[in-house]
Amino acid sequence: MTDASSLRSTRRHHWRRDLVELAALFTAVAVADAVANTVAHGPDGPYLLAVSAVALIATAAFHIWWSRRHGHAPPAGHPGDTGGSPAPAVAPVSTGAGTPAPAGRPRTTLWRMRTTVRDEPGSLAALCTALAHLGVDILTLQTHPLAEGTVDEFLLRAPEALAPARLTEQIAAAGGRGTWVERADAHDLVDTPTRVLGLATRTALDGAELPLALRQLLGRCTIHSRPAVSLTGRPTGETAPVEGLLEAGDTVMRLRDPNGGAITVERAYLPFTPTEFARARALVELDTRLGPRVPRSQDVLTLPEGNEITVRRAGPGDLVAARAMHDRCSDRTLALRYHGPVGDADRYLNHLLSPRFGRTLAVRTASGRLVALGHLLWDGDETEVALLVEDDWQRRGIGSELLRRLVALAVEARCASVYAVTQSSNTGMVAAMRGLDLPLDYQIEEGTLVITARLTGAPEPHHRTAERARPGRRTEPAER
């Protein structure tokens with residue numbers, strides 16, 4: 001209701017009220033006259049009239065006082081609102097880091113905090129009291145019991161002006177030790193049971209999701225899948241007990257890989273708790289029980305010359321077709337891809353097609369012939385892209401299409417960047433990477449070119465070009 005309509009409604013309300021009061025006044029006068037005529041002829045007539053007049057004056061005075069006190073006062077909480085319309089609702093304080101808040105409300109930031117306290121009554125209460133004095137709101141809380149003490153993990157909404165050092169200082173004064181604080185985002189608002197169930201579902205649907213699920217479960221960490229046998233066929237000695245183990249002051253977690261070898265998880269800045277270790281081991285056990293699995297969805301595309309191709313996920317079941325494509329590729333194409341001769345193609349392809357080490361896309365023609373492979377390989381904290389296109393199908397846009405899809409998979413996996421290792425003379429790969437329209441970094445060393453595409457605005461660490469291009473490594477890509 002607008003202010004004008006509210007005013008008109010108020011005026012109509014006052015006119016009707018005045019008419020009713022006037023009618024009541026005339027009625028009261030008539031009744032009083034009749035009573036006066038009846039009483040005046042009695043023996044106590046004058047006294048009764050005087051008492052009636054006093055009662056009438058007292059009633060009128062009370063009515064006027066009551067009307068002025070309650071009839072026109074504005075509703076509580078809405079000063080100045082005489083139109084009867086409700087006041088607008090006040091928006092809640094934003095939980096995003098650095099986002100503006102409504103007038104009169106402080107800007108807030110989300111933090112994740114972990115601290116260790118003594119396992120005794122009142123320890124958690126002391127932490128909560130310290131946070132309350134700082135104006136910090138506790139959104140979620142997890143406890144991780146230890147042999148000595150308890151690790152409390154919080155998701156906090158804190159005033160933006162509150163410095164992490166000040167927060168750590170107050171927590172230490174309240175009895176917390178080994179306190180760790182890190183910026184959080186909206187993904188952390190999901191409660192832990194829901195997040196773990198979601199990660200388990202993703203792992204059950206796709207075997208390549210296990211390393212990603214472990215990283216999202218444990219936060220910033222480095223994950224390596226160490227095969228039991230190297231690409232050259234020699235035993236690596238990498239293994240882990242069935243139940244797994246924690247090493248190096250609980251900053252390294254070793255779990256048995258269902259495909260042989262071990263999965264190593266490192267988080268040097270924060271030791272793993274027994275609860276985190278049990279959750280990670282449960283995810284690996286789920287992956288072991290379900291066995292190899294690859295989603296079978298596919299897309300049919302039409303090339304510029306009119307040929308149809310099918311792009312879908314590939315896995316160990318495509319080894320025979322991939323080996324046949326290898327045999328059809330020229331030595332130059334294979335050299336561009338692997339930076340040297342390929343001694344045992346079956347072993348390399350079996351490694352690349354394993355979902356444990358990443359995701360692979362395969363391109364098949366309308367007749368079912370496999371003509372191209374694209375790999376997205378997990379490399380610790382980083383992600384590598386690798387492409388191989390059969391000679392007769394090069395220069396048709398297949399490599400660029402595969403590269404775009406691999407980058408989309410990397411974005412879905414929340415990777416910060418992807419890199420490709422090729423030769424400086426490989427103009428095709430350079431053009432494909434530039435076609436992504438992403439910020440690119442170039443590093444070249446002894447003819448080996450490393451092109452890194454940044455998928456987020458965060459700065460990337462210095463890349464170890466020499467390590468990536470070291471002799472003997474066979475997963476580096478080259479595109480034709």
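Contact here means heavy atoms within 4.5 Å. The model is predicted. The protein chain has 480 residues, and 39% of them count as buried. Its secondary structure comes to 13 helices and 16 strands. Take contacts between residues at least 6 apart in sequence: 61% of them join residues at least 24 apart.

**Helix 5 and helix 6**

- On the helix 5 side, Arg195, Val196, Leu199, Arg202 and Thr203 make the contact; on the helix 6 side, Leu210, Leu212, Ala213, Gln216 and Leu217 meet them.
- By class, this contact of helix 5 with helix 6 holds 6 nonpolar, 2 polar and 2 charged residues.
- Helix 5 spans residues 192-205 and helix 6 spans residues 210-218. Their axes come within 9 Å and cross at roughly 170°.
- Angles over 145 degrees count as roughly antiparallel, so helix 5 is roughly antiparallel to helix 6.

**Two threonines of helix 5**

- Thr203 lies in helix 5. Its relative accessibility is 0%, so Thr203 counts as buried.
- Setting aside residues up to four places away in sequence, Thr203 touches Glu209, Leu210, Ala213, Leu283, Asp287 and Arg293.
- Leu210 and Ala213, among these partners, also belong to the helix 6 side of the helix contact.
- Thr201 is found in helix 5 too.
- Thr201 and Leu286 are 85 residues apart in sequence, yet their C-alpha atoms are 10.0 Å apart in space.

**Helix 8 and helix 10**

- The axes of helix 8 (residues 319-328) and helix 10 (residues 345-353) come within 10 Å. They cross at roughly 130°.
- That angle makes helix 8 oblique to helix 10.
- The crossing of helix 8 past helix 10 is right-handed.
- Leu319, Ala322, Arg323 and His326 of helix 8 form one side of the contact. Ala345, Asp346, Leu349, Asn350 and Leu353 of helix 10 form the other.
- By class, the contact of helix 8 with helix 10 has 5 nonpolar, 2 polar and 2 charged residues.

**What is buried in helix 10**

- The buried residues of helix 10 are Ala345, Tyr348, Leu349, His351, Leu352 and Leu353.
- Ala345, Leu349 and Leu353 are also part of the contact with helix 8.
- The cover over the buried residues of helix 10 includes strand 10, helix 8, helix 9 (331-338), strand 11 and strand 12.

**Nonpolar cores**

- The largest nonpolar core has 35 residues. Within this core, Val363, Leu376, Ile398, Leu402, Val418 and Met433 touch the most other members.
- Strands that each supply at least two residues of this core are strand 10 (308-314), strand 11 (358-365), strand 12 (370-379), strand 13 (382-389), strand 14 (417-423) and strand 16 (448-454).
- Helix 11 (398-412) and helix 12 (427-434) also each supply at least two.
- Helix 11 gives the largest share of this core, 7 residues.
- Ile398 is in contact with Leu303, Ile309, Val363, Ala372 and Trp393, leaving aside neighbours within four places in sequence.
- A second, separate core has 17 residues, including Ala213, Leu218, Val265 and Val284.

How values were computed:
Residues numbered from 1 in each chain as written. Predicted model: local features only at pLDDT ≥ 70, side-chain atom pairs only at ≥ 80, totals over all residues. Heavy atoms only, no water. Axes fitted to C-alpha atoms, helices over the stretch in contact; angles between N-to-C directions. Helix = DSSP H or I, 4+ residues; strand = E, 2+ residues; numbered from the N terminus. Parallel < 35°, antiparallel > 145°, perpendicular 65-115°, else oblique. Nonpolar A, V, L, I, M, F, W, Y, C, P; charged D, E, K, R; others polar. Left-handed = near helix turned anticlockwise from the far one by under 90°. Core = buried A, V, L, I, M, F, W, Y, C linked by side-chain atoms within 4.5 Å. Buried < 20%, exposed > 50% of the residue type's maximum accessible area, 1.4 Å probe, protein only.
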